[in-house]
Structure formats: structure tokens, C-alpha cells
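Please keep the sequence and the model in view while reading.

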Amino acid sequence: LVYLVAGCIVLFAFKGYFRVVLVWLESLPMWQGSLVFVLLFTLVSFPMTFGYIVLNVAAGYLYGFFIGFLVVSGSVTCGETLAFLVCRYWLKNYVEAKLQSPQLKAVMRVVEGTHGWKVVALARLTPIPFGLQNGLFAI
């Protein structure tokens, strides 16, 4: 709920800037705009950030359904992979020190089990932000 309220406030407060960025992205050649989307999706892939919906809608608006789908798919893959690797190898000790509750340890044991991929797949269908999921599953 806090993320929803914060997201609405940010969108409302910076709606003029979003319009300027969209016009700028529209003026770029497609390959340059795609690189910008890769960078933006990489930023929103880290824990405690949001913006997936805004970027998805922006890509669909700028490039149409099919090209926008390809741009988003490639950008999300690059961003999620980089965020996963950073969380796994550079932030692992920090995150493990902060997540000492028995409930989170139980979730980590289930994810590390033989059917952990099912938990990860089902978690992707929940409204939990992807960045938080990446941080948790990277451990």
C-alpha cells in the first residue's frame, strides 16, 4: 500500500517530466531508445525500486505492441539478470544479515528445495515488486 501511494504521488508530481522524457525517447532512433529502456529497466530491477508498469506502457506507446513487447522482453531480461548477479554476489552478506526472521528463512529453504522453481514462478504472479523478489531469490 505504501508503494502504491508513493508511486501515485511520484507520477502526479512528475507527470510533466514523464511527458518530456517520452517526447525525447520518441525523437531517438529505435536502437538508441531501446538502449535507454535497457538502462531504465536495469534501474527498476533492483530491490526497493518501482516503475515497471510505467516503462511497459511507455514502450508500448512508443513502439507499438510487437516491437514494444520485444524491447520490454529484452530490457527486462538484461535488467533482471544484472540485478540478480549484483544481489547474489555483492549484496548477499548484507541482505542475509538483515533477513534473520524465521519466516524468511523458511521461505528461503523452500525456494532452495527441489521444487523451488514453482514458488518462484507463482511469486511472479503476485503484486510483490519484482525488485524485492529478485533480492530475496538471489540469496
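## Helix packing and selected residues

Helix 2 and helix 4 are oblique to each other, because an angle that falls in none of the ranges for roughly parallel (under 35 degrees), roughly antiparallel (over 145) or roughly perpendicular (65 to 115) counts as oblique, and the angle here is about 40 degrees. This is a predicted model, and the values that follow should be read with that in mind. Helix 2 covers residues 15-27, and its axis lies 10 Å from that of helix 4, which it passes in a right-handed crossing. The contact involves L22, L25 and E26 on the side of helix 2, and A58, Y61 and L62 on the side of helix 4.

Helix 4 also packs against helix 8, which comprises residues 130-138. Their angle is about 25 degrees, and since angles under 35 degrees count as roughly parallel, helix 4 and helix 8 are described in that way. The crossing of helix 4 and helix 8 is right-handed. From helix 4, the residues Y52, E80, A83, F84, C87 and R88 take part, and they meet F130, N134, G135, F137 and A138 of helix 8. The table sets out the geometry of the two pairs.

| Helix pair | Angle | Distance between axes |
|---|---|---|
| Helix 2 and helix 4 | about 40 degrees | 10 Å |
| Helix 4 and helix 8 | about 25 degrees | 9 Å |

In soluble globular proteins, nonpolar side chains tend to be buried together. In this model the largest nonpolar core has 14 residues, of which L25, F37, F41, V44, L55, L62 and Y63 touch the most other members. Helix 3 and helix 4 (52-89) are the elements that give two or more residues to this core, and helix 4 gives the most, with eight residues.

T42 counts as buried because its relative accessibility is 12%, and the cut-off for buried is under 20%. The side chain of T42 reaches the backbone oxygen of V38 at 2.7 Å, and, when neighbours within four places in sequence are left aside, T42 is in contact with C78, G79 and L82.

Is F65, by comparison, buried or exposed? F65 has its place in helix 4, and it counts as exposed because its relative accessibility is 71%, where exposed requires over 50%. Computed along the sequence, F65 and P102 are 37 residues apart, while their C-alpha atoms are 44 Å apart in space.

Definitions and conventions:
Residues numbered from 1 in each chain as written. Predicted model: local features only at pLDDT ≥ 70, side-chain atom pairs only at ≥ 80, totals over all residues. Heavy atoms only, no water. Buried < 20%, exposed > 50% of the residue type's maximum accessible area, 1.4 Å probe, protein only. Polar contact = N/O pair within 3.5 Å; in protein donor to acceptor, adjacent residues only side chain to side chain. Contact = heavy atoms within 4.5 Å. Core = buried A, V, L, I, M, F, W, Y, C linked by side-chain atoms within 4.5 Å. Helix = DSSP H or I, 4+ residues; strand = E, 2+ residues; numbered from the N terminus. Axes fitted to C-alpha atoms, helices over the stretch in contact; angles between N-to-C directions. Left-handed = near helix turned anticlockwise from the far one by under 90°.
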